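User: Please walk me through this structure with a few questions on its strands and its overall build.

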Amino acid sequence: MSSSTFTFTVTIATSEHYQYAEVICDMIADAAQKRGTGIAKRTPEYIQTKMEEGKAVIAIEDHSGELAGFCYIEAWGALGYVANSGLIVNENFRNQGLALQIKSRAFQLTREKYPNAKLFGITTSLAVMKINSHLGYKPVTFSELTDDEAFWKGCSGCVNYDILQRTNKSICLCTGMLYDPEKEQKKLEAKDNNQ
């Protein structure tokens, strides 16, 4: 089947998508194993909670109803920091721009729910880094990310967690990226003032 025959619906996940939770977890675990790098493990119940809270974006292939991709929102540090996590695209639908569509919708949803929060992510994926850069994220040191212990505990399921522990959460194989809405607003204002 050629890629031009695929069409997708990218939408906010709800309880009607619970059926996909286990497949999402399997896809995340499989991607981590194939890449040989860390992706924090999640349970189907955790994924369903994100769907129930309206904090997840799902992509479904229109003709087959097959899960095409997923991403969810997590808030940290008394809502001062928010992450779009667990971005995954079904191998059958990769290299079609679907990851950018999913992440863009998750970014938009996050900005709606948490307009003043800093959005951040840590990743080893070059593709995710490119998407984040496209959305306005900048590479940063880990010290510029949340200090919320619950976030860093989420990394404990990663194969590289020992590196993070040994370096007191200052270095890992992941790259930290941050979107700061306050800085972006100041840039826009400066640009407007110069026109």
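User: How many residues of strand β7 are buried?

Analyst: This is a predicted model, in which local features need pLDDT of at least 70, side-chain atom pairs count only at pLDDT 80 or more, and totals for chains, interfaces and linings use all residues. Residues are numbered from 1 along each chain as its sequence is written, while side-chain values use heavy atoms, with hydrogens and water left out. Strands here are DSSP runs of E with at least two residues, and helices are runs of H or I with at least four, numbered from the N terminus. Strand β7 spans residues 175-179 and is mostly covered, and, with buried meaning under 20% relative accessible area (1.4 Å probe, protein chains only), the number of its 5 residues that are buried is 4.

User: Which residue of β7 is the bridge partner of L119?

Analyst: Two strands pair if DSSP finds at least two bridges between them. Strand β5 (residues 118-123) pairs with β7 in the antiparallel sense over 5 bridges, and the partner of L119 in β7 is Y179.

User: Which residue of β7 is the bridge partner of K138?

Analyst: Strand β6, which covers residues 138-140, also pairs with β7 in the antiparallel sense, over 3 bridges. The partner of K138 in β7 is L178.

How values were computed:
Buried means under 20% relative accessible area, exposed over 50%, partly exposed in between (1.4 Å probe, protein chains only).
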